[in-house]
Amino acid sequence: MQDNKTFYLFVKGQKVEVSEEIYRAYVQPERKQRMREYRAKNKIVVSSIEGLEEKGFEVADGSQDFLTSLIDLEEENERKTLLVKALSCLKEQDKQIVQLYFYDNKTQDKIADILGVSRQYISKKIKQILEKLKQFF
């Protein structure tokens with residue numbers, strides 16, 4: 001997917017080539033903060049709790065915790081959307097393994113029996129699948 005991609009960071013004005021892992025570790029918190037600022041500015045444009053009620057939100061109390069939970073809910077929905085996108089990129093057998101292992105709570109031995117492969121193969125595939133999925137987060 002991203003095999004030959006080159007990643008750079010600017011250090012003291014100098015462009016420095018870095019690994020994808022370092023790039024993502026450095027950039028991800030910054031992206032999350034920008035996304036929070038974007039949501040706060042563009043999606044939840046409310047100057048008061050009354051404004052939320054006017055938009056159809058039920059507000060039990062006027063605390064800041066409500067706004068925080070609203071943002072958390074939106075972030076959770078974004079993570080779910082990313083997960084669906086990530087899962088759609090998997091091969092059919094990998095999707096089946098994910099379904100059996102993570103959703104149906106089958107053991108690796110049981111999955112191996114179902115698919116007619118060794119438990120070691122399933123263990124290796126689960127690790128590979130998780131590595132693929134990490135690229136989306």
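The model is predicted, so local features need pLDDT of at least 70 and side-chain atom pairs count only at pLDDT 80 or more, while totals for chains, interfaces and linings use all residues. Residues are numbered from 1 along each chain as its sequence is written, and side-chain values use heavy atoms, with hydrogens and water left out.

Y101 pairs up with F102 in an edge-to-face arrangement, at 4.9 Å centre to centre and 90° between the planes. The structure holds one aromatic pair, where rings of Phe, Tyr and Trp (its six-membered ring) pair if their centres lie within 6.5 Å, with planes under 30 degrees apart counted as stacked, over 60 as edge-to-face and the rest as tilted. F102 is partly exposed too, at 40% relative accessible area. L130 belongs to helix α6 (residues 119-134) and is partly exposed at 35%.

As for the overall layout, the chain has six helices and two strands, running β-β-α-α-α-α-α-α from the N terminus. These are DSSP runs numbered from the N terminus: helices are H or I with at least four residues, strands E with at least two. Strands β1 (residues 7-11) and β2 (residues 14-18) pair in the antiparallel sense over five bridges, pairing being called if DSSP finds at least two bridges between them. The two strands make a hairpin with two residues between them, and K12 in the turn has a positive phi of about 50°. Of the 137 residues, 23% are buried.

Turning to charges, there are six salt bridges, each a side-chain nitrogen of Lys or Arg within 4 Å of a carboxyl oxygen of Asp or Glu. One of them joins K132 and D94 (3.4 Å, N to O). This pair links distant parts of the chain, with K132 in helix α6 and D94 in helix α4, 38 residues apart. D94 is buried, at 1% relative accessible area, whereas K132 is partly exposed at 34%. Salt bridges that share partners tie D94, K125 and K132 into one network. Leaving aside neighbours within four places in sequence, D94 is in contact (heavy atoms within 4.5 Å) with K125, I129 and K132.

Elsewhere, E76 and R79 meet in a salt bridge at 2.8 Å, N to O; they are three residues apart in helix α3, so about one helical turn separates them. Helix α3 (residues 64-88) also holds L82, which touches F136 and F137, not counting residues up to four places away in sequence. L82 and L133 are 51 residues apart in sequence, yet 9.4 Å apart in space, C-alpha to C-alpha.

Key: Buried means under 20% relative accessible area, exposed over 50%, partly exposed in between (1.4 Å probe, protein chains only).
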